[in-house]
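Take a walk through this protein model, one feature at a time. Keep the structure open as you read, and find each residue when it is named.

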Amino acid sequence: MTYTPFSIFGAERRSRWLITVDHASNFVPDDISDGDLGLDSTDMSRHIAYDVGARGTSLRLGELLDAPVICANWSRLCIDPNRGADDPTLVMRLYDGTIIPGNRDVDDAEIERRKATHYLPYHNALEGLAAEREDVVIIAMHSFSPKLNGRAPRPWEIGVLHAPQEDRFGKALIAELEQEGDLTVGDNEPYNGWLPGDSIDQHALQPGRLNALIELRHDEIDTPEKQNTWAERLAPILQNTLANSGL
């Protein structure tokens with residue numbers, strides 16, 4: 001199969017929703033370190049390489065919401081699509097205690113080349129999808145590790161990240177999730193809700209679009225069955241949030 005930097009599923013779907021999956025894949029394209037960053041398969045299956053379960057959950061959620069889904073098709077270790085173009089962590093040399101051999105000697109010219117061939121095509125396509133929808137609501141789907149090295153276990157099954165520039169939908173979504181009664185919901189957990197230049201900043205905050213970044217814990221979506229279950233749970237919650245908030 002020919003590599004492309006992004007895939008769009010359901011481009012013809014016309015609802016207000018747009019689902020993005022920045023860290024959908026752990027694939028290393030041939031033009032980056034000859035397709036091998038120097039990590040073994042165990043490391044490439046970890047969260048350092050991609051967001052476990054996010055792609056499958058998002059594809060089913062897109063079907064249920066009549067929403068297009070755009071996925072980046074390379075590992076975040078190659079160049080992180082959820083970082084600003086001038087972010088010093090755009091290409092990671094060390095991640096969660098693991099050295100990335102293929103990035104050890106990466107220079108500015110190589111980073112610019114990776115931007116041009118992978119990062120920018122993805123972001124241009126994402127912006128095109130967003131711009132052609134009236135009153136679009138961007139849902140950025142991610143997943144997180146139950147525990148980072150040397151850190152305490154993370155108790156949240158789901159987290160919603162939001163930033164003060166446009167947090168109306170994110171806060172409304174947290175309130176809707178808390179009504180479920182059986183969830184530990186993270187409010188800007190396990191991470192802060194905004195980095196300058198990240199995907200949500202580029203495509204939602206700067207243009208003033210409704211948005212939320214959803215983080216699901218890996219063990220909640222580590223099988224296709226669990227991914228479908230969460231998608232089928234999230235779809236009506238998202239729809240109710242939008243309807244009840246009047247946004």
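Asp 219 and Arg 217 join their side chains in a salt bridge, 2.7 Å from N to O. A salt bridge here is a side-chain nitrogen of Lys or Arg within 4 Å of a carboxyl oxygen of Asp or Glu. Side chains of opposite charge can pair when their charged atoms come close. Asp 219 is partly exposed, at 30% relative accessibility. Arg 217 counts as buried, at 11%. Those words have cut-offs: buried is under 20% relative accessible area, exposed is over 50%, and partly exposed is in between, using a 1.4 Å probe and protein chains only.

This is a predicted model, in which local features need pLDDT of at least 70 and side-chain atom pairs count only at pLDDT 80 or more, while totals for chains, interfaces and linings use all residues. Residues are numbered from 1 along each chain as its sequence is written, and side-chain values use heavy atoms, with hydrogens and water left out.

By the salt-bridge rule, the count comes to 20. Lys 226 and Asp 222 form one of them, with their closest N and O atoms 2.9 Å apart. Lys 226 is partly exposed at 33% relative accessibility, and Asp 222 is partly exposed at 41%. Salt bridges can also share partners: Asp 31, Glu 110, Arg 113 and Arg 114 are joined into one network that way.

Another salt bridge links Arg 60 to Glu 63, at 2.9 Å from N to O. Both residues lie in helix 2, 3 residues apart, which is about one turn of the helix. Helices and strands are DSSP runs numbered from the N terminus: a helix is H or I with at least four residues, a strand is E with at least two. Arg 60 is partly exposed, at 25% relative accessibility. Glu 63 is partly exposed too, at 46%.

Which charged residue is buried yet has no salt bridge? It is Arg 13. The nearest side chain of opposite charge belongs to Glu 12, 4.4 Å away. For charge, Lys and Arg count as positive and Asp and Glu as negative, while His and the chain ends are not counted. Arg 13 sits in the loop between strand 1 (6–9) and strand 2. Leaving aside neighbours within four places in sequence, its contacts (heavy atoms within 4.5 Å) include Glu 63, Asp 66 and Arg 133.

Asp 34 belongs to the loop between strand 2 and helix 1 (41–44). Asp 66 is partly exposed, with a relative accessible area of 39%. Asp 34 counts as exposed, at 73%.

Now turn to strand 6. Is this strand enclosed or open? All 8 of the 8 residues of strand 6 (residues 137–144) are buried, so it is largely enclosed by the rest of the structure. Val 137, Ile 139, Met 141 and Ser 143 point one way, while Ile 138, Ala 140, His 142 and Phe 144 point the other way. Strand 6 has strand partners. Strands pair if DSSP finds at least two bridges between them. Strand 2 (residues 17–21) runs parallel to strand 6 and is joined to it by 4 bridges. Within that pairing, Thr 20 has Ala 140 as its bridge partner. Strand 9 (residues 210–217) also pairs with strand 6 in the parallel sense, over 8 bridges. There, Met 141 is partnered by Ile 214.

Look next at the rings. The whole structure holds 3 aromatic pairs. Rings of Phe, Tyr and Trp (its six-membered ring) pair if their centres lie within 6.5 Å; planes under 30 degrees apart count as stacked, over 60 as edge-to-face and the rest as tilted. The centres of Trp 17 and Phe 169 are 5.8 Å apart and their planes are at 70 degrees, so this pair is edge-to-face.

One last stop is a peptide bond. The bond from Glu 189 to Pro 190 is cis, with omega near 5 degrees. Pro 190 lies in the loop between strand 8 (185–187) and helix 5 (199–205).
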